[in-house]
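Open the model in your viewer and keep the selection panel at hand. We will go stop by stop.

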Amino acid sequence: MKFAFAGIDFLGGVFEGLLDAGWTPVKLFTRPCDGIYDHNEVIVARARALRLPIQLSRMRERDIEALQAEHGKDWALVVAGYPWLIRGWRGRAAYGLNIHPSPLPIGRGPYPLFRAVLDRYETWGVSAHVLADGFDTGHLLAQDMFALSPQEDHETLLAKCQMAARRLAAGPLGRDLPSRWRRAEPQGDGSYWPRASDADRTLDFRQEVDTILRRVRAFGTVETIARLGDARVFVSEANGWRERHQHSPGAVVHRHRRHVVIAAMDGYVQITRWSPVALTEVGQIGR
């Protein structure tokens with residue numbers, strides 16, 4: 001099966017999984033990335049090695065028409081980690097599908113991984129669905145489900161999703177797409193999770209230690225936000241413990257080198273990796 005791929009390194013394993021299944025790539029659609037949270041270096045290098053045309057601008061119907069003119073209708077449009085809604089593929093490609101990092105219909109939206117940890121899901125999954133007019137709403141083709149740990153963090157969940165996405169591509173999708181396409185099932189009612197805000201990322205030291213640390217784990221290297229006195233800092237790693245005390249929540253009670261201990265409702269949180277500058281702003285000061 002020929003396929004055009006739309007995505008970045010986030011779920012680039014889907015591209016590799018389809019190659020493992022014997023599919024033939026014909027074009028890469030990707031987008032500019034910040035090189036901090038979003039990357040496409042790996043998928044772009046892979047496409048160049050395979051001498052594929054690469055497009056950084058948003059996919060339009062004319063781009064799909066051009067693929068049809070060159071390859072007919074016997075090809076698939078595969079989307080994984082692409083932010084723009086795609087229309088116009090029906091009648092021009094045999095298949096159009098998206099890989100989404102949630103067990104749909106739960107967790108529709110741009111990036112559901114943070115909330116999966118925050119809401120303490122015990123199982124999670126990656127879904128493949130037919131491209132539809134709404135984000136993440138098309139009929140389901142396949143899902144790969146897995147267990148989450150009580151101590152799950154953003155980085156481990158991301159790795160699990162990436163591995164599951166590649167399994168889907170190399171297995172059910174790559175080997176059995178026509179059959180699954182015929183048997184695709186409607187999702188039914190679901191939930192849409194919007195993009196996380198700064199408020200979602202902000203630590204509240206009036207809460208219990210476990211709740212605060214769960215928020216730190218949920219965002220991981222994407223960073224949470226904390227107040228240290230009058231300063232706002234960006235936190236990527238913390239730990240803590242429960243202990244009775246008389247300190248006001250949010251009070252800085254101890255410092256050692258760059259480690260800072262802050263009082264919480266029922267104990268202490270020790271911030272071990274933080275910066276006064278957000279990762280997204282690193283290298284931009286003075287520009």
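The tour starts with the domains, crosses their interface, then visits a helix and the cysteines.

**Before you start.** This is a predicted model: local features need pLDDT of at least 70, side-chain atom pairs count only at pLDDT 80 or more, and totals for chains, interfaces and linings use all residues. Residues are numbered from 1 along each chain as its sequence is written, and side-chain values use heavy atoms, with hydrogens and water left out.

**Stop 1: the two domains.** Select 2–183 for domain 1, then 198–283 for domain 2. These bounds come from an automatic or database domain assignment. The centres of the two domains, taken over C-alpha atoms, are 34 Å apart.

**Stop 2: the interface.** Here 12 residues of domain 1 are in contact with 11 residues of domain 2 (contact means heavy atoms within 4.5 Å). About 1200 Å² is buried between the domains, and carbon and sulfur atoms give 64% of that. Buried area is the accessible area (1.4 Å probe) that two parts lose on being put together, summed over both. Now select Tyr37, Phe114 and Leu118 in domain 1: they lose the most area to domain 2, together 47% of what that side buries.

How many salt bridges does the rule find across this interface? It finds 0, a salt bridge being a side-chain nitrogen of Lys or Arg within 4 Å of a carboxyl oxygen of Asp or Glu.

Next, colour helix 4 (113–118) and helix 5; each gives two or more residues to the side of domain 1 that touches domain 2. Helix 4 supplies the largest share, 3 residues. Helices here are DSSP runs (H or I, at least four residues), strands likewise (E, at least two), numbered from the N terminus.

**Stop 3: helix 1.** Select residues 13–20. Of these 8 residues, 6 are buried, so helix 1 is largely enclosed by the rest of the structure. Buried means under 20% relative accessible area, exposed over 50%, partly exposed in between (1.4 Å probe, protein chains only). The buried residues are Val14, Phe15, Glu16, Gly17, Leu18 and Leu19. Their cover includes strand 1 (2–7), strand 2 (24–29) and helix 5 (154–182). Just past helix 1, click glycine 22, with its positive phi of about 95°.

**Stop 4: the cysteines.** The structure holds 0 disulfides (pairs of cysteine sulfur atoms within 2.5 Å). Cysteine 33 is partly exposed, at 26% relative accessibility. Cysteine 161 is buried, at 0%.
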